[in-house]
Amino acid sequence: MFGHFREFEDEYIETLYEFHENEPDQYVRNGDLAKKLGIKPASATEMVQRLANKGFLEYVPYKGAKMTPSGIEYGKKMKRRHRLAEVLLDIIPFDGNAHETACRLEHAIDDDLDVALEIMLGSPRLDPSGRDIPELSDELKTKASAIENKYCSLNEMKEGDIGEIAILFCSEATKIFLDQNNMNLGSLIEVVSSGYKLESGVEVGINPEISKGILVLRH
């Protein structure tokens, strides 16, 4: 019950952050907030007061609410995770409603998964609709940098480098090619002068566009 209510609060904060993105430091009237969320003004007023009591908002009766620094930080985090989820859904074979699904996914993304998506998706700055994706917090940037140094795309490796295949972004046709050559998650691959050498000793050539979609753990 608490989890669902917290998600409800998050939706308010995320929506208020959208207003903040468009007009920073401007007060948002409860009626405008209610219209954006598709709810009754009385419900918006009640939630705004609750969030103000928690320190996320500054609320002035008959004027509206604006986000406090802690509210902005929290709203930025939720908006980032929503837009990251939309990027993820855009690159996998997902045929549903990306926005609605991202609304659900964002609540399941914690700090560790946020960092993992940052690395896996290549630090995207825009979502599929062209909207800015807020950056990681300074603390998580430090964590991401430490992890990112261990990984790279296959096309970034130099001759003599060895890596373990960790993530594959590829089409079905490419997946068939990789399977035929026993290039699976966990497989070791080495860069050689003629291309790439697999654990089996077989050497293969891989299109640069394909190699970009293969993320390896450096050895």
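Colleague: Is Ile-92 buried, exposed or partly exposed, and how do I read that?

Modeller: Go by relative accessibility: under 20% is buried, over 50% is exposed, and partly exposed is in between. In this predicted model, Ile-92 comes out at 37%, so it counts as partly exposed.

Colleague: Where does Ile-92 lie?

Modeller: Look at the loop between helix H4 (69-91) and helix H5 (98-105).

Colleague: And which residues form a nonpolar patch on the surface there?

Modeller: Ile-92 does, together with Ile-91 and Phe-94. The three have about 240 Å² of accessible area together.

Colleague: Now helices. How many residues does H3 have, and what does it reach from first C-alpha to last?

Modeller: The general idea is to compare the span with 1.5 Å a residue. H3 (residues 41-53) has 13 residues and reaches 18 Å, close to the expected 18 Å.

Colleague: Which residues of H3 are buried?

Modeller: Ala-44, Met-47, Val-48 and Leu-51. They cover an arc of only 105° around the axis, so they sit on the same side of H3. On the other side, Ala-42 and Asn-53 are exposed.

Colleague: What follows H3?

Modeller: Gly-55, and its phi is positive, near 90°.

Colleague: Last one, cysteines. How many disulfides does the structure hold?

Modeller: For a disulfide you'd want two cysteine sulfur atoms within 2.5 Å. The structure holds zero.

Note on methods: Residues numbered from 1 in each chain as written. Predicted model: local features only at pLDDT ≥ 70, side-chain atom pairs only at ≥ 80, totals over all residues. Heavy atoms only, no water. Helix = DSSP H or I, 4+ residues; strand = E, 2+ residues; numbered from the N terminus. Expected span 1.5 Å × (residues − 1). Buried < 20%, exposed > 50% of the residue type's maximum accessible area, 1.4 Å probe, protein only. Arc of directions from axis to C-beta. Patch = residues over 30% accessible without salt bridge, like charges linked within 9 Å, V, L, I, M, F, W, Y side chains within 5 Å. Areas by Shrake-Rupley, 256 points an atom, 1.4 Å probe, with all protein chains shown as cover. Salt bridge = Lys/Arg side-chain N within 4 Å of Asp/Glu carboxyl O.
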